[in-house]
Amino acid sequence: MSDEQRDDPVQRYAALRPGLLAVTEGFTALVRELLDDAGINYLSVTGRTKSVESFAAKAARTVDGHPVYTDPLTDVTDQIGVRVVTYLRGDVSAVADVLADQFSVIDDRDMGRETARQGRFGYASRHLLVAPDPLKALPPAYEGLKGRTASVQVRTILQHAWAEFEHDIRYKGTVPQEHVPDLDRRFTLAAGLLELADREFSEIRDRLQASMEGQQVPSGQDDPRISAADLATFLAGQFQGARWSRTDHYAWISGLLLELGITSLDELAGLLRSIDVEGITARMGYRHSPAAVRRLDDALLAVFGQRYIGLHGNAHREAALRARLEKLRA
């Protein structure tokens, strides 16, 4: 590389980018692992490494003739990006809380709140700039993330649909100028309707959870496992106010219950009545509100200890469970 290329931030970024691909994969996998461990209900976790073209366009931005980024390689902070899409607005906050518990949060902007302060409807997404917390140990697989930062976007599926469609339309540059005012009005109208839909979905979830307390769920006869659907209904009533977990997590922990020999909701209810589930949650000291499956996971860990850690279905997370068990017994 010539001296001129070394001085060109775009050329330097192009040279660095292949190494950033693995870092992006690491951040994406770690965020997914953290959310799964916390039992957060999300639709997807995806990552992307900023393209050279996108970096060049951002590095070239100016305001009043002055460059926005005097040192693009340092100042452009979204070179590594992770996007989390949730179902409900409340889960956006839960994701942000989980990330803040593991990472150092360098910046945190709620774009939807900023838009609302201006009395408008429009783009809504939570943007966090995070880095591994130097005071917390990283799993060996993620040691390569030390000293790195990642931009994490968290939004609901409806916010995501609006943002992706709006970006696709505007940045293709195919809208005639005379149609721009009407286009802006329609995008604003759509944003307002989607915000209303987000609120209604949250209300539906809250109403359903409130109605499930004490509800009796019949057990199936053909499969010794408690079905995922029945377990979801039971836990919604058992842990009032706890967030819904991912659908596959109910099936997964049902398999753990089967390994423990618990094959009916009556057995599970008796077990939970015999322990202080609220005290267990308090000892864990969560910064976020744990979801239903995570609360059951904590309860089973507290009751069965090493036996629970040794279950076949927990083989992939033995180290994390041991650390949690130490916290429960502290």
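Me: How do β4 and β7 pair, parallel or antiparallel?

Reply: Parallel, over 6 bridges. Keep in mind that this is a predicted model. Along that pairing, valine 85 sits opposite arginine 155 of β7.

Me: And β6 with β7, which sense is that?

Reply: That pairing is antiparallel and runs over 5 bridges. There, leucine 129 stands opposite serine 151 in β7.

Me: How many of the residues of β7 are buried?

Reply: 7 of the 7, so β7 is largely enclosed by the rest of the structure.

Me: Which side chains point which way from β7?

Reply: Ala150, Val152, Val154 and Thr156 point one way, while Ser151, Gln153 and Arg155 point the other. In a regular strand, side chains alternate between the two faces of the sheet.

Me: Arginine 155, buried or exposed? And what does glutamate 164 do with it?

Reply: Arginine 155 counts as buried because its relative accessibility is 2%, under the 20% cut-off. Its side chain meets that of glutamate 164 in a salt bridge, 3.9 Å from N to O. Glutamate 164 also forms a salt bridge with arginine 83, with the closest N and O atoms 3.5 Å apart.

Me: How exposed are glutamate 164 and arginine 83?

Reply: Glutamate 164 is partly exposed at 35%, and arginine 83 is partly exposed at 24%.

Me: How many salt bridges does the structure hold?

Reply: 21. One of them joins arginine 185 and aspartate 182, whose closest N and O atoms are 3.3 Å apart. Those two are separated by about one helical turn, because they are 3 residues apart in helix α8. Then there's a network, held together by salt bridges that share partners, made up of Asp37, Arg294, Asp297, Asp298, Arg317 and Arg324.

Me: Switching to packing. Which residues have the most contacts inside the largest nonpolar core?

Reply: Phe27, Val31, Leu35, Val84 and Phe103, in a core of 35 residues. Elements that give two or more residues to this core include α2, β1, β4 and β7. The largest share, 9 residues, comes from α2.

Me: What does phenylalanine 27 touch?

Reply: Leaving out residues up to four places away in sequence, phenylalanine 27 touches Ile80, Val82, Phe103, Pro132, Leu145, Arg148, Thr149 and Ala150. There is also a second, separate core of 34 residues, with Phe239, Ala242, Ile253 and Leu321 among them.

Me: What about aspartate 91, buried or exposed?

Reply: Buried, since its relative accessibility is 2%. Aspartate 91 lies in helix α5, and its contacts beyond four places in sequence are Asn41, Thr86, Arg205 and Arg243.

Me: Last one: which residue has a positive phi although it is not a glycine?

Reply: Aspartate 64, with a phi of about 55°. Aspartate 64 is in the loop between β2 and β3 and counts as exposed, at 73% relative accessibility.

How values were computed
Residues are numbered from 1 along each chain as its sequence is written. This is a predicted model: local features need pLDDT of at least 70, side-chain atom pairs count only at pLDDT 80 or more; totals for chains, interfaces and linings use all residues. Side-chain values use heavy atoms; hydrogens and water are left out. A nonpolar core is a set of buried Ala, Val, Leu, Ile, Met, Phe, Trp, Tyr and Cys residues joined through side-chain atoms within 4.5 Å. Buried means under 20% relative accessible area, exposed over 50%, partly exposed in between (1.4 Å probe, protein chains only). Helices (H or I, at least four residues) and strands (E, at least two) are DSSP runs, numbered from the N terminus. Contact means heavy atoms within 4.5 Å. Two strands pair if DSSP finds at least two bridges between them. A salt bridge is a side-chain nitrogen of Lys or Arg within 4 Å of a carboxyl oxygen of Asp or Glu.
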